[in-house]
Amino acid sequence: MLDRLPWRKPARHSAGALLPASDTALHAVRLRCRQMVAKRALLSAGASALPIMGVDIAVDIHLLSRLIEDINAAFGLTPQQIEKLQPKLRVATYSTIVGLGSTLVGRVVTRELLLKILTRSGVKIVSKNATRLVPIAGQMVSAAIGFSAFRAIGNKHIEACVAVAEQMLKVQAAGE
């Protein structure tokens with residue numbers, strides 16, 4: 001449903017995109033992804049402001065799944081992109097991902113995984129739903145909580161991808 005909205009741009013990254021080749025390229029990808037997170041966090045905030053229970057969670061799951069996939073693709077860290085790497089770099093990439101303890105980098109994003117991530121911020125979800133009961137002001141607070149929670153999850157994922165990409169740059173530099 002949200003994929004057909006006029007402001008939803010398809011991901012510009014193909015499954016064949018490579019890891020960022022330099023610190024400058026890595027910085028550019030980070031900035032582009034942060035802008036993407038901010039835009040989608042606004043959509044999440046809009047859904048959080050609706051006075052209907054449960055709609056915001058469904059919208060958040062959809063937006064977050066697409067966001068995580070798009071961020072992974074931007075950094076060259078989708079499962080398909082990682083499989084196309086040279087064997088040594090592929091092993092190093094998976095080792096770095098495991099070492100960081102990231103649950104979303106280089107993985108296929110599932111509803112169950114996203115529900116687990118969203119329930120980790122359970123206090124925010126409960127307070128967001130509770131504030132919704134107060135007319136107008138409660139909806140504004142709910143939207144603010146939804147925006148900040150969504151942005152925090154997205155930005156944390158960006159930083160995990162940056163850490164993996166930086167490590168891959170080091171591995172590539174050592175191999176040359």
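Is Asn 155 buried or exposed?

Analyst: Asn 155 is buried, at a relative accessible area of 15%. Here, buried means under 20%, exposed over 50%, and partly exposed in between, with a 1.4 Å probe and protein chains only. A bit of housekeeping: this is a predicted model, in which local features need pLDDT of at least 70 and side-chain atom pairs count only at pLDDT 80 or more, while totals for chains, interfaces and linings use all residues. Residues are numbered from 1 along each chain as its sequence is written, and side-chain values use heavy atoms, with hydrogens and water left out.

So where does this residue sit? Asn 155 is part of helix α7. The chain has 7 helices and 0 strands, taken as DSSP runs (H or I of at least four residues for helices, E of at least two for strands) numbered from the N terminus. Setting aside neighbours within four places in sequence, Asn 155 is in contact (heavy atoms within 4.5 Å) with Arg 34 and Val 37.

That brings us to helix α1. Helix α1 runs over residues 23-49, 27 residues in total, and reaches 39 Å from its first C-alpha to its last, close to the 39 Å expected; the expected span is 1.5 Å times one less than the number of residues. Val 37 is on the buried list for α1, and that list also includes Leu 26, Val 29, Cys 33 and Met 36. As background, an α-helix has 3.6 residues a turn, so residues three or four places apart point the same way.

Glu 159 itself is partly exposed, at 31%.

Glu 159 has another partner: Arg 30, whose side chain meets it in a salt bridge at 3.1 Å, N to O. This pair also links distant parts of the chain, Arg 30 in α1 and Glu 159 in α7 (residues 137-175), 129 residues apart. Arg 30 is partly exposed at 23%.

The structure holds 3 salt bridges, and one of them joins Asp 70 to Arg 40, with the closest N and O atoms 2.7 Å apart. As for shared partners, Arg 30, Arg 34 and Glu 159 are joined into one network.

Zooming out, buried residues make up 42% of the 176 residues in the chain. Of the contacts between residues at least 6 apart in sequence, 77% join residues at least 24 apart. The accessible surface comes to about 9,600 Å², with 64% of it belonging to carbon and sulfur atoms; areas come from the Shrake-Rupley method with a 1.4 Å probe, and for residues only the protein chains shown count as cover.

Key:
Salt bridge = Lys/Arg side-chain N within 4 Å of Asp/Glu carboxyl O.
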